[in-house]
Amino acid sequence: MADTFISCTQLLQLLGWPHAPLILDVRTPDDARRDPTRLPTARSLSLSDLEASDGSAGGRAVVYCQRGGKLSQLGAAVLRKKGVEAVALTGGHLAWQAQGLATMSSKPLPKRWIMAQEALWPDLAALWVLRRWIDPRADVLAVSRDQIDAACQVGQGQPLPGLAQAMADVAGLSLVPMPPAEAPGLSLLLAGRLQRMRDPVDALDLVDDLMAGRRGAA
């Protein structure tokens, strides 16, 4: 992303991967209310939020507003001053919508999710949808399956849906490629990985590899 702009098509190709850029929605409150959807993984911030942010860690970001005008371009410029490799989305939210690309609801989501430590493949697929297409920074804690409900009460969390499509439905996420509900060979790999690592988040690369193969075959 060496330029100062990125097209909707280019951005779509970057989404869904472990190192996708940060997506920042700087639309005005009025524009956001008129269309209560946002791009996948997008965080809603104002220009003042970006001014106050610490961009010293660098990284990549895509900033968008309603039409790709002053707000997104100023936001990207502010971040570049802070060492972030930031670009503005050409045409903004309206261009993304006009091309019929994936969106998610702007409604608030739980801040913490609780899932089974002894995850099965459908659990991992749901976690992949959450971390790759909804919120890459989602707080996910793993406990024994029979303790999920109790852990949610004590830890103020929400049970992670047990299917990828169910996770997408919770977030109002549309037009996103879904991992298969069952994957026998990969289920064995997952079981072996969890015996060593214990945290299902550490096994997300199994879904990444599967989906990369699907993209390559498309």
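Ala, Val, Leu, Ile, Met, Phe, Trp, Tyr, Cys and Pro count here as nonpolar, Asp, Glu, Lys and Arg as charged, and the others, Gly among them, as polar. By that division, the lining of the largest pocket holds seven nonpolar, two polar and seven charged residues. The structure is a predicted model, in which local features need pLDDT of at least 70 and side-chain atom pairs count only at pLDDT 80 or more, while totals for chains, interfaces and linings use all residues. Residues are numbered from 1 along each chain as its sequence is written, and side-chain values use heavy atoms, with hydrogens and water left out.

The pocket comes first. Rolling a probe the size of a water molecule over the atoms shows where empty space is left. On a 1 Å grid over the protein atoms alone, a pocket is an open set of points with protein on both sides within 12 Å along at least five of seven lines, whereas a cavity is a set of points where a 1.4 Å probe fits but cannot get out; lining residues have an atom within 4 Å of a point. Grid points are joined across faces, edges and corners, and a volume is the space filled by probe spheres set on the points. The largest pocket has a volume of about 280 Å³. Its lining consists of 16 residues, and R38, R43, L109, P110 and D135 lie nearest the centre.

One of these residues, P110, is in the loop between strand 7 (104–105) and strand 8. Helices (H or I, at least four residues) and strands (E, at least two) are DSSP runs, numbered from the N terminus. P110 is partly exposed, with a relative accessible area of 31%; buried means under 20% relative accessible area, exposed over 50%, and partly exposed in between (1.4 Å probe, protein chains only). Although P110 and Q158 are 48 residues apart in sequence, they are 6.4 Å apart in space, C-alpha to C-alpha.

Another proline, P136, sits in the loop between helix 6 (121–134) and strand 9. P136 is partly exposed at a relative accessible area of 35%. Contact means heavy atoms within 4.5 Å. Not counting residues up to four places away in sequence, P136 touches T41, L130 and R131. R131 is also a contact of V201, which touches L127 as well, leaving aside neighbours within four places in sequence. V201 belongs to the loop between helix 9 and helix 10. From V201 to V140 the separation is 61 residues in sequence and 8.1 Å in space, C-alpha to C-alpha.

The interior can be followed through its cores. A nonpolar core is a set of buried Ala, Val, Leu, Ile, Met, Phe, Trp, Tyr and Cys residues joined through side-chain atoms within 4.5 Å. The largest such core has 48 residues, of which L11, L89, L124, V129, L130 and L173 touch the most other members. Helix 6 supplies the largest share of this core, 10 residues. Apart from it lies another core, of 11 residues, including L50, V63, C65 and A76. As for L11, its contacts are I6, P21, I23, L39, V62, L89 and W96, leaving aside neighbours within four places in sequence.

Helix 7 spans residues 148–155, and I148, A151 and C152 are buried in it. Seen down the axis of helix 7, the buried residues fall within an arc of 105°, so they line one face of the helix; the arc is that of the directions from the helix axis to the C-beta atoms. D149, Q153 and V154, on the other side of helix 7, are exposed. The buried residues pack against strand 8 (112–116), strand 9 (139–143) and strand 10 (158–159). I148, with 12% relative accessibility, counts as buried. Not counting residues up to four places away in sequence, I148 touches I114, M115, A116, V143 and P159.

Backbone angles remain. Most residues other than glycine have a negative phi, and most peptide bonds are trans. Q156, which follows helix 7, has a positive phi, near 55°. L175 is not a glycine, yet its phi is positive, about 60°. L175 lies in the loop between helix 8 (164–170) and helix 9 (184–197), and at 62% relative accessibility L175 counts as exposed. R198, also not a glycine, has a positive phi of about 75°. R198 is located in the loop between helix 9 and helix 10 (204–217) and is partly exposed, with a relative accessible area of 45%.
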